[in-house]
Amino acid sequence: DLRHSVIRVVRTSTVEVDRRASSRHVVNLPCRLTIAGQTHRARVVDLSDTGAKVHGAPPPRAGVGGKLEIDGVALPLPFTVIGYEDELLRLAFALDNAAAAAFSGTAARLAQQHAA
């Protein structure tokens, strides 16, 4: 746990070492995850244009694909599981160019609406 915390602090401390492709936004949004034909209700707690962290989902193995549907977002988001740690499922979106363009900026908009 300490190792992961130190790595996270170092990688997010300055722009030079932050490898994220897009900004993350803290949210608390209901969602549905479909993995291997099974649908699970959960909550998105961290969202960016390229991925999400989800709480309340079962821990599938890394590399498994699925679909994320977030309440208030018309576009279903295909994803690949990156990992599962501290009861959080880490997802990387697998969006084609059209879907990525359509979803771009949605994370920031949802975070702003949620904060209001």
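**β3 and β6.** I started with the pairing of β3 and β6 in this predicted model. The two strands run antiparallel and share five bridges. β6 covers residues 88–93, and β3 covers residues 51–55.

**β3 and β2.** Next I checked what β3 does with β2, which spans residues 38–47. This pairing is antiparallel too, with four bridges. Here I found Asp-46 bridged to Lys-53 in β3. How many residues does the hairpin use to join β2 to β3? I got three.

**Is β3 covered or open?** I went through the accessibility of β3 and found four of its five residues buried. So I noted the strand as mostly covered, since buried means under 20% relative accessible area.

Side chains of opposite charge can pair when their charged atoms come close. I searched for such pairs and ended up with one salt bridge. Which residue does Asp-71 pair with? I found Arg-32, with the closest N and O atoms 2.7 Å apart. I then looked up where the two sit: Asp-71 is in the loop between β4 (65–70) and β5 (77–85), while Arg-32 is in β1 (residues 25–35). The pair therefore ties together parts that are 39 residues apart in sequence.

Asp-71 has 34% relative accessibility, so I put it down as partly exposed. Arg-32 comes out at 22%, and that counts as partly exposed as well.

Key. Residues numbered from 1 in each chain as written. Predicted model: local features only at pLDDT ≥ 70, side-chain atom pairs only at ≥ 80, totals over all residues. Heavy atoms only, no water. Buried < 20%, exposed > 50% of the residue type's maximum accessible area, 1.4 Å probe, protein only. Pairing = 2+ DSSP bridges. Salt bridge = Lys/Arg side-chain N within 4 Å of Asp/Glu carboxyl O.
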